[in-house]
Amino acid sequence: HEGLRRVKRAWVIPPISVSENHKRIPHLLVQIKSDKQQPGGVIYSIKGPGVDEEPLGIFSIDKFSGKVFLNAMLDREENDRFRLKAFALDLGGVTLEDPTDLEIIVVDQNDNRPLFRQDVFMGHVVEGAEPGTCVMTADATDADDPDTDNAVLRYSILEQGTTSMFTINATTGEICTARPGLDRETVGIYNLTVQAADMSGDGLTTTATAIIYLEDINDNPPEFTKEEFSMEVEEQAAGVDVGKVFVHDKDLAGSPNWLAKFTILEGDPEGAFAIRTDPHTNDGVLSMAKPLDHEVRDRFELTVSVQNEQPLEPTAPASPRALATVRVRVRDVNEAPVFRENPRRVSVLEGTPPGTPITTYTASDPDTRQLQTLTYALLYDPADWLQLDPHTGTVRTKRELLHPSAFLQGGWYIALLLARDDAEPPLSATGTLSIEILEVNDHAPRLQPLAGVVCGRPGRGGTLLLGATDDDRPPHGAPIHFQLSPQHPQLTHNWSITRFNVTHAVLAVRVELPEGLYSLPLLLRDSGTPPQEQQQLLNISVCHCGREGTCEDGVLATATAGAGITLGALMIILGSSVLFLLLAGLGAARVRGRRRALRQGLLQRSRDDMRDNILNYDEQGGGEEDQDAYDINQLRHPEFFSPRAKPPMRRDTPLSSATPPAPRQLPSSPSDIEDFINEGLEAADGDPSVPPYDTALIYDYEGSGSIASPLSSIVSSLTDEDQDYDYLSEWGPRFRRLAELYG
């Protein structure tokens, strides 16, 4: 075939092998040669990785001789072979031969140690595991050529302690148990030194650490630290801790295999004790479930057992249950007295006289081995009805207690007693005394109403409903029996009484009776034991009957004038009363408003300093604070009222009033002041010219130049008939005299 040409053998280059890490550099690898020699020679060149591609400069060629050289050390782990292209050219650069392949193979050397995947391997296995139980695999790698012995690894355990409890698979590195007897309580952690070697165990080596933890199983029961424990507790203490019993368990602390459970087997038939486990220390805590009484029993001997919460493993060695004896001494303390019967319930008749014994309510002291004395006191006696003997506890009545009373609750009187011992410190107890006040039939029934109106004709309209009340409580009250007085048997000819219910009866006219007022003696008797009865008068007004059996108009009013009040009359009276109250209220309001207006005119203060001080007139005697408002010297010095001096005049004195005569001679001593004022009053009453505004008013003169008006100017525009002086009685003791004169 024309397309096929024979390639000459000299230009075909077989693969060239060179060892990695070759140190003699440069090193001749091969010489290539073209069969087409030219007179001027052949130029050789190579291209590819290691020449003009990364990594650069590893290989080179002599372009005239065709020798290929190694210029650097090779690492098979980085490049295990190089594929290059070789070229042959003439001096003009024309290709003489087609490019040929030049493959350089790097031969491996054992220059890499094995490497474990991690420096420390960790594994877990339960204690007591059977031989051959695998824990973990400690494997390694080697970077050398896996097709050579340089990468063939072998594993071994260099160190694992005094006992060879584990073995390792030489080819896989899997670590397994080698023998029985793994005990966490003896050795809990194993540290193994593992080795990996290449060249099938004869080459380079490396080591790693394998840590194996033994997992706990419940193969050790708890045990008491000693066989007997002693404790003591105070009597009457409940819910308190008495003491601890100590145990030891070899299993892992805090695990369910270690946690203990305690049981009281003997010595506590009443269940007075309880025992629990302290979760932190695993000890048993003995506590009181019920209070103890030293006087009943002062010592206890308990048998306590302990075991784990989790059951023991079947492989654990058999052992008896751990038992311990706990001796508890009950310490005596002072106990409070006790009322054995609480509350005490007794019954007393109503109206029991003072000093009557009710009951003896005593307490007992539980401290029978201590000599103590109890005393008693009333702690709560709201009605102050009882008296108590402090030594014997005897309760007596202090005063009579009757129904009804605000201190009774459903007929019961409640009191509290206090019992106290004489210990140090003293203790006390409270007892409740419930006294039932038994009802006594001491009230007779009362008739209601005591009057009524009936028609004088038998039948319709000739009846009256009677009622009665009884202050006694059942069963001493109703039913109440009504009857006409047996002392007047003739009443039964005209009247009859029939029972209506337990508290009412119906009075009926038996024959036609004339109009008028009738008094019927009735006998009322209750159902008490013994029964109480009382005779009472019933006033009956018999009226003229109309067609419908009712009293005719006009007749009823006349009849009721001397008899009971009917409903219509009662409504008329009530309406009249309400109307009267309204009118009286309106009148009082009008008078009060008029008085208020007058007071406001009198008491309105000026912005200037007036010396009236009318607000202080309710102070009796004046005193030091009232000296400026009222100057008694005006009455004691007659020179102020001499004929030469002009007497003070009222502003509201009528202009037509004649000038009063010259003032009378003033008294020389204060004792005559009252007589002086009375004489001035008589003179004023006899003066027909003006109302009393003159000499009688000298006593209230407030000084010269005062801008305040005299007291007589109040409502001066009114006549005596129009003025209302009743308000003077409300101004205090100083105006009492004026109120008597003008009020």
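1. Cys 543 is buried in this predicted model, because its relative accessible area is 2% and the cut-off for buried is under 20%. Its partner in a disulfide is Cys 551, with a distance of 1.5 Å from S to S. Cys 551 is likewise buried, at a relative accessible area of 18%.

2. The handedness of this link deserves a remark. The torsion about the S-S bond of Cys 543 and Cys 551 is about -70°, and the disulfide is therefore left-handed.

3. How many disulfides does the structure hold? There are two. A disulfide also joins Cys 134 to Cys 176, where the S to S distance is 2.2 Å. The pair connects distant parts of the chain, 42 residues apart: Cys 134 belongs to strand S10 (residues 134–137), and Cys 176 to strand S14 (residues 174–177). The link of Cys 134 and Cys 176 is right-handed, with 75° about the S-S bond.

4. Is Cys 176 buried or exposed? Cys 176 is buried, since its relative accessible area is 10%. Cys 134, by contrast, counts as partly exposed because its relative accessibility is 39%, a value between the limits of 20% and 50%.

5. When the bonded cysteines are counted along the chain, the disulfides follow the pattern 1-2, 3-4. A disulfide is a covalent bond between the sulfur atoms of two cysteines.

6. Cys 455 counts as buried, with a relative accessibility of 2%. Cys 545 counts as buried as well, at 6% relative accessibility.

Technical notes. Residues numbered from 1 in each chain as written. Predicted model: local features only at pLDDT ≥ 70, side-chain atom pairs only at ≥ 80, totals over all residues. Heavy atoms only, no water. Disulfide = S-S within 2.5 Å. Helix = DSSP H or I, 4+ residues; strand = E, 2+ residues; numbered from the N terminus. Buried < 20%, exposed > 50% of the residue type's maximum accessible area, 1.4 Å probe, protein only.
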